[in-house]
Amino acid sequence: MPSIRRFAGGSLILCALLSALPGLGQAEVKRGSTARAPKGAEAARRAKAKKKTQGCKREKPKSFLIRKNYLKNGGLPKALRFRAERYGWVEGAGLEGFAQHSAISQAADTTFMGLPIRVHKKIVPKLRCVERTIRTSCNGRGKRYVPKAIGGFRESNTFRKGEVSNHMFGIAIDIDPDRNPCCGCVDPWPSHRYCQNGAKSVYEKTELTRCWIDAFEQHGFYWLGHDSLEDTMHFEYLGDPDR
Ligand SMILES: [Zn+2]
């Protein structure tokens, strides 16, 4: 959900073994191949490549943590309990019984795509994985996106009726609200030009590229563009951070 921000339109609620160089006995070095990197340099390169992918497994959001699912089947209490047990309690949500520490006391300052952001410390590695995937995959035309402003932890709730924003747990990230609107949010969001352009698909209501959205979704983040809120700026980590 977007935070309270002010734009031109008004206030808005808002992823070495020195694996015996693949059979590369000296005798097997291809003829005509260029000079090989020194052994030490090759080992360093392999170690670096291994480190780069450590811990970045593909993950899917847990179904019972997805907003449209728990709203449909009355599973909100279960979803809240899971979040409190994993991330800590949040002020005013009555979740103190499920956790010893508050979520905000476990905040970590980090960066995402070069921009500063505060999130729950348990999702820092998840954001690193998303960032690696983006830097590796989202470079060509139609794939690239350059963020200007991002937001993470928040200490005031933007939901009603017992819902608690995942920003309160520090597991949600908003990217450029002015370029990626929340067409299903309260006024004046629906007036945003991207909500008024007659787009049939939510992917046409955002400047985020499909490549970026896919990168988040590969690592356990859910895009709230899929929700009735069409909150296209918003991604939330819905995997299990302790597994
Ligand atoms: Zn958000």
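## Helix α4 and its cover

In this predicted model, the buried residues of helix α4 are covered by several elements, including β3 (107–112), β4 (115–120), α5, β7 and β8. The buried residues of α4 are K126, L127, C129, V130, T133 and I134. They lie on the same side of α4, because the arc they cover around the axis is only 155°. R135 and T136 are exposed, and they sit on the face of α4 turned away from its buried side.

Helix α4 runs over residues 124–137, which makes 14 residues. From its first C-alpha to its last it reaches 20 Å, close to the 20 Å expected at 1.5 Å a residue.

## The four-stranded sheet

Two of the elements that cover α4, β7 and β8, also belong to an open sheet of four strands. The order in this sheet is β5-β6-β8-β7, and the pairing is antiparallel. The edges are formed by β5 (150–151) and β7 (221–223); each has a single partner strand, so one side of each is left without a neighbour in the sheet. Helix α5 (residues 210–217) packs on the sheet and touches β7 and β8 (234–237). The direction of α5 makes about 140° with that of β7.

## Strand β6 and its partners

Strand β6 (residues 172–175) pairs with β5 in the antiparallel sense over two bridges. I150 has I175 in β6 as its bridge partner. With β8, β6 pairs over three bridges, again in the antiparallel sense. Here A172 stands opposite E236 in β8.

In a regular strand, side chains alternate between the two faces of the sheet. On β6, A172 and D174 are on one side, while I173 and I175 are on the other. These four residues are all buried, and both faces of β6 are covered.

## Loops with particular backbone geometry

The loop between β6 and α5 contains D176 and P188. Phi of D176 is near 45°, a positive value in a residue other than glycine. D176 counts as partly exposed because 19 other C-beta atoms lie within 10 Å, whereas a buried residue needs 20 or more.

The loop between β7 and β8 holds E230. Phi of E230 is near 45°, a positive value in a residue other than glycine. E230 is buried, as 22 other C-beta atoms lie within 10 Å.

Definitions and conventions:
Residues numbered from 1 in each chain as written. Predicted model: local features only at pLDDT ≥ 70, side-chain atom pairs only at ≥ 80, totals over all residues. Pairing = 2+ DSSP bridges. Contact = placed C-beta atoms within 7 Å. Axes fitted to C-alpha atoms, helices over the stretch in contact; angles between N-to-C directions. Buried ≥ 20, exposed ≤ 12 C-beta atoms within 10 Å, placed from the backbone. Expected span 1.5 Å × (residues − 1). Arc of directions from axis to C-beta.
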